[in-house]
Amino acid sequence: MRNFWNFLLIGVSNGLVYSLVALGIVLIYRSTRVINFALAAMATFSTFIAASLIDRNVPYFVAFLAAIVFGFLLGAATERFVMRPVESKSPLNAVIVAIGMLIFLEAMAGVIWGAKLRNFPSHFSLIGLKIGGARLAISNFDLFIVTVVVVLLLALLVLFRYTKLGLMMRASAFAPEVARLLGVRVGRMLTLGWGLACAAGAVAGLLAAPKVFLFPNNMDGVLIFGFTAAIIGGLDSPVGALVGGLLTGVALSFIGGYLGSDLENVGAFVILVVVLMARPEGIFSSMSARRV
Amino acid sequence: MEESMVEAKPEPKQLPAAKQPQGLRRLFGQPLVRNIIVGVVALVLFYLLIGHLSQYRIYQLSQVGPYLIALVGLSVLTGQNGQISLGHGALMAIGAWTLTLMQLHTKSPLWLMLIASALVTMVFGALLGLVAARLRGPYLAGATLALALGLPDITTRYQSVFGGYQGLEVNQPNAPSFLGATATPTEWLAIIEMICVVVVMILFANLLRSRVGRKFRAVRDDEIATQVSGISVPRTQVLAFALSAAAAGLGGGLFALVSGNVSPGGYTVVLSISLLAAMVIGGSGTLAGAVWGSLIMVYVPGWATTLSQKLSLNQSVSANLALAIYGFLLVAIIMVAPVGVQGIVRLVIFKMRNLRKEPG
């Protein structure tokens, strides 16, 4: 029984990181209909920035924030200068450009920082907490993950629900022509959306790095699980991204724990197929009918 | 095959009798006959070509074949039928392990093993197609990507069957005596590949001109209109997936022969993603685009490596720089040529024809 609770806790902690990646994918997908595969590389690149700042004795939290700002700028610049020219063409082209960016950024990270595996400091202890003599599978760092993700989700909720900027962003995503007629600078909103999405990706990178180590393609696996989570949640719903991430994280943790960790990747495929056979557009998708 | 030939021929009654080409010209006018003649000529030219190449060049060239065949399949699925697949690397893996296991446990002839790789993968592709027929766009991309991630792990899970991380050895077939005593296995393999390429290209070229090909495109362009016209959309999609998988499986079988071994490291997500990228860059939905795409997959990383080695940096930096150049080129080519290499080729041919017509 203790195993069960430990697997559950590990699953929640991992799942929240998947949720962040899923959120990054969803934010971009619902505004530009592009699956941003480059998110993994952007997260890794931002994490490397934080790592080299920490190497230069910059305090952990300053480096953390700097990496998030860097992620934001990288995402915004990518949308403005790389994706904008191809967004109007076939969606497949945009996907290939995103894959090109993924390969390019990961390789550049290798050129700048080397391809070797390195540790990334976690600031908080990674050793399991003790409750009444029994050691749990979650640590202070996992509690930090929960805090960061909850704060970030609340901040995004406030932004989209209660601010004018958030309203303009939602309008640009769902009805670009009408938004433009009403004076919303749609292009700028898309750039902002990409920036936010990649900032979320950067946070995911920072939170995943102490567990998966830091190397140029350390986030590839996390990206695929995040993508799985986004799809399970329905690609245009931020709530779906959170729930999808948790579901994916917990399910994979149980599969890895009870059946063997080498079945986690196969498990992701099975989960996807099972969920999508029941609901072909994810659990929380708003598009219930295909447009005629 | 016969049905598609009838399909492809224009209705004779509607043409004026005087314009009907006679004899040989009429025979050559038939797409199937023309394709076969072009294929045979290509085969002969290829045979003459490899006589002038070094063993290393032939080996390099023989890496093109497996990719080419897999790309033909992917191109038909995505470009002609509108279903995206990020899992064709996994389908190649199925073909590769089919051939390897047959070689290990049976004494089958080569042709049988290659056909089996295609057929086994086709069955698997049909099952995948049943799932795919319910999914659209990014949902299908995600499901196939998860397959590409998960499938190689099966081989490490069941090590005794699939060989685990190291994988299994594959023996390259010896050249038959009619090629002469000096013919090496490398040359023989290149010829086998070219034969497979020609056969696959002719079959798919013919298929795309037929009723089936038109169904594929109809489903891609408008599912509802297609369904209303009495064509089953899901059935067409499953068929497209199965045929595409067959090509990927044959490509995988050949890939195992060329590599001399199969291991999960050779069939990662990276392979699936590279296939999709090469397909789009070559020219989505065209058979010629698959040729460009496979050449790009084999030669561009090589050039990027040579280029970055010239800068005399250390090993790790130069390897990464080569990758960076490759990624940069992917982005640049899509920006400059959104319709792919074949799109540019078509445009140039079209312009040249117009130029020739103008003076007259």
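Ile231(B) sits in the loop that links helix 12 (223-228) to helix 13 of chain B. In this predicted model, Ile231(B) is partly exposed, because 16 other C-beta atoms lie within 10 Å, a count between the 12 or fewer of an exposed residue and the 20 or more of a buried one. Once its neighbours within four places in sequence are set aside, the contacts of Ile231(B) are Lys215(B), Ala218(B), Thr226(B) and Thr236(B). Gly293(B), by comparison, is 62 residues away from Ile231(B) in sequence, and the two C-alpha atoms are 32 Å apart in space.

Helix 11 (residues 211-221) and helix 13 (residues 233-259) of chain B have axes that come within 10 Å and cross at roughly 115°. The crossing of helix 11 of chain B past helix 13 of chain B is left-handed.

The axes of helix 3 (residues 31-50) and helix 10 (residues 185-209) of chain B come within 10 Å and cross at roughly 165°. Angles over 145 degrees count as roughly antiparallel, and helix 3 and helix 10 of chain B are therefore roughly antiparallel to each other. Here helix 3 of chain B passes helix 10 of chain B in a right-handed crossing. From helix 3 of chain B the contact takes in residues including Pro31(B), Ile36(B), Gly39(B), Leu43(B), Phe46(B) and Ile50(B). Among those from helix 10 of chain B are Glu187(B), Ile191(B), Met194(B), Val198(B), Ile202(B) and Arg209(B). By class, the contact of helix 3 with helix 10 of chain B comprises 16 nonpolar, three polar and two charged residues.

Attention now turns to the meeting of the two chains. Here 39 residues of chain A are in contact with 37 residues of chain B. On the side of chain A that touches chain B, the elements giving two or more residues are helix 3 (60-87), helix 4 (91-113), helix 9 (220-233) and helix 11 (264-278) of chain A. Helix 4 of chain A gives the most, with 13 residues. The residues on this side of chain A comprise 30 nonpolar, six polar and three charged.

Key:
Residues numbered from 1 in each chain as written. Chains lettered and ligands numbered in written order. Predicted model: local features only at pLDDT ≥ 70, side-chain atom pairs only at ≥ 80, totals over all residues. Contact = placed C-beta atoms within 7 Å. Helix = DSSP H or I, 4+ residues; strand = E, 2+ residues; numbered from the N terminus. Nonpolar A, V, L, I, M, F, W, Y, C, P; charged D, E, K, R; others polar. Axes fitted to C-alpha atoms, helices over the stretch in contact; angles between N-to-C directions. Left-handed = near helix turned anticlockwise from the far one by under 90°. Parallel < 35°, antiparallel > 145°, perpendicular 65-115°, else oblique.
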